[in-house]
Amino acid sequence: MPIDVKNIRLGETGMDELLAWLRQMGQPQRLEAITYEYLSILRSLVFEGQEQV
Amino acid sequence: MSELAMSTQPYVVPTFSGSQEDQDWADRVYKLMVTYGSFYAYEAPIRQALSNLAAFFAAQQGSSAEELASAIDRAIQQNPEVFLREEQEGEVFYTTSKAGRYIPPQTEQTHMFAQRLYEPENPLPVDDLSVVITTGRPALTTVEPVYISDYWRAQAEGVASGVLPAAEIFDDEEEVEQPAEVEAPAAAEAAAEAEPAPQTEEVTPEPEGIIPAITLDNGVQIDLRLPVDELMARHGEALMATVRRAIEHDPLRRIVSFGNDFYPESMVESFSKGDYRRIREYILEQGEPLLDTIIMADLFGRTSRDRDIETFRFALNYRLNREKDFEFVGVEGARLWWAKGLPAIGTKRLKASELGQIFAYLEEGYDDSLDGTSAESIRESGHVSRFLTFFEWEYGLLAFDAALKALLPPPLLPDQRSAMLRIESPQHYTSYLVELRYPTSNRGGWLQGLEDFFKEFLVPGALITIAATEEPNIFTLQYEETAGEEARLLTLDEKKGRFAFNATTFYCAVDNDLLPSQERLSRLRNMKLLTPGDRRRLEATLAHVFETVGQKQGDAFVISLNDLYLATNVQRSASRPAILATIAEDSRFEQQDGLYLYRPVYEEEQEETEDEL
């Protein structure tokens, strides 16, 4: 179920997913990689099920 | 008073109904059952099967159990108030109790504690976040989330992170917000044929007039429909700053950072007090700050061959940074740790607070080190050249100006105070540990620890070149060697607080305008060493320079800018723009025909002026 973009709170929304990704990586990640992944997570939360394939 | 209390038996003896034979059988069965349940509670049910009862009595009487069963059952059915009769799967059961009747158990559920807890009589409204409670303990009890009024949240949603009309989306480049469809059709088709766009670059349709955008810390709103690669390319710095701030403001601190590395807090290894003690003792034993890789290898046996080396390294740096006995003095790529007890580096003749104020002009906009060059060219070339002033030479300092900022590494941590660098001299095969003090909001920065090198090989006015090496914390310092040259150069007798000229032979290329020689400006020795308080105030330093080095003309003292710069930089560090700005702000100074005048206002005159006013 996609979330409304107005409900996104940076640092709250998608943090669980980011944490899970970081755990999966198994070692510290650079800020750039973290930012990239966080943006991807936010996009997937907003556009879940709406992506045009 | 109860029937039990009046009786000598530990159970009630009921009155049975039916024929005499039925009453006898009922009495015998009842006594048998209460005897069987003699240790039962008073009202606890005592249960027995008809077959068991018949078999028991048949054994006693030596008769048929079947015949007795029918007699027993008939007698029991005559006394339903004493016995509860049940049939289960063809078997007849009787239940009674020592109270003379069967009392079914009752469960009182009208005021259960759990029910009262979760369904309070007067529940608070749940639409208010502040009254929502949790039965679990928070992960960190010391960090409490700050409750923000719903009013402000609603305001913020409308302005910052919410849905705005497309026309209100702001960006630094207009084409950023243009959908992909508006590109020139021919170019778009050509691009599509050349390289099919990945799926993530598809633009997801949104309701007309609404753009899904989030707002960064710098106020820029970014369109989430754009691919991540494009967003990173356009707003990478702002995005990273926003994400860093968001993670650091997470009240649960689930992700922690050291520099630009991030990792879940729960997966960061801990160290014991003994570990910290060993690390500190080892640093003190070595006598200088140590790299984290050296600490890991020498104390923990961890090398780059270990699989978890990066995780361990992060844990070591993150944990040490939280210990008060350690201070991070490294840079990106060379993480050095200082331990409490290590000797200080650099001059002890001037306090750090005094130096910070002396170099404050660098942060106040009077830094002219990039005149004639640029930060980009310094970064590209990897070196910077400059002339030493007397003040820098005397105390082994270098002003951390814009030119050096372009060359030397920035602080890795936001609250980092200093970094330890190593300056090597390829000409003399020596190296020096120097401390780079980073500027703060109103204090300037500087390097210290070069006193020995300067005094041994250089003189004031020497041209030096500092160059980067492959190591981020190691730099080289070189100068142009010349044939020996003799001159009477200014020296400081700090005990007497006076300056003097001494014959000196030096072997380095110098700028004669900046060489404080007797030949160049003999009046320099008229100066006295100002107190730290006067040196911190540039106008006080300038006044003293005018009065001692300038030429008296009437009631004023006159001096050229070059001489003023040279003499001022004997007392303290100051750039030409800083000197000129101070002169422009103070009415006692003025400029005439390329020279600068100073008219001292003596205390008597000042008092008279005040009286007149």
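Helix α2 (residues 31–46) of chain A and helix α8 (residues 228–248) of chain B have axes that come within 9 Å and cross at roughly 110°; axes are lines fitted to C-alpha atoms, for helices over the stretch in contact, and angles run from 0 to 180 degrees between N-to-C directions. α2(A) is therefore roughly perpendicular to α8(B), a term for angles of 65 to 115 degrees. This is a predicted model, in which local features need pLDDT of at least 70 and side-chain atom pairs pLDDT 80 or more, while totals for chains, interfaces and linings use all residues. Residues are numbered from 1 along each chain as its sequence is written, with chains lettered from A and ligands numbered from 1 in written order.

**Contact between the chains**
- Chain A contributes 30 residues and chain B 33 residues, contact meaning C-beta atoms, placed from the backbone, within 7 Å.
- On the side of chain A that touches chain B, α2(A) gives the most, with 11 residues.
- Among the α2(A) residues that meet α8(B) are Y38(A), L39(A) and R43(A).

**Strand pairing**
- Two antiparallel strands, β1(A) and strand β9 (residues 261–264) of chain B, are joined by 2 bridges.
- Q29(A) has F262(B) as its bridge partner in β9(B).

**Nonpolar cores**
- The largest nonpolar core has 85 residues, and W337(B) and L524(B) are among those touching the most other members.
- Helix α18 (residues 538–549) of chain B gives the most to this core, with 6 residues.
- Another core, of 30 residues, lies apart from it and includes Y38(A) and F314(B).

Key. A nonpolar core is a set of buried Ala, Val, Leu, Ile, Met, Phe, Trp, Tyr and Cys residues joined through C-beta atoms within 7 Å. A residue is buried if 20 or more other C-beta atoms lie within 10 Å of its own, exposed if 12 or fewer, and partly exposed in between; C-beta atoms are placed from the backbone. Helices (H or I, at least four residues) and strands (E, at least two) are DSSP runs, numbered from the N terminus. Angles under 35 degrees count as roughly parallel, over 145 as roughly antiparallel, 65 to 115 as roughly perpendicular and the rest as oblique. Two residues are in contact if their C-beta atoms, placed from the backbone, lie within 7 Å. Two strands pair if DSSP finds at least two bridges between them.
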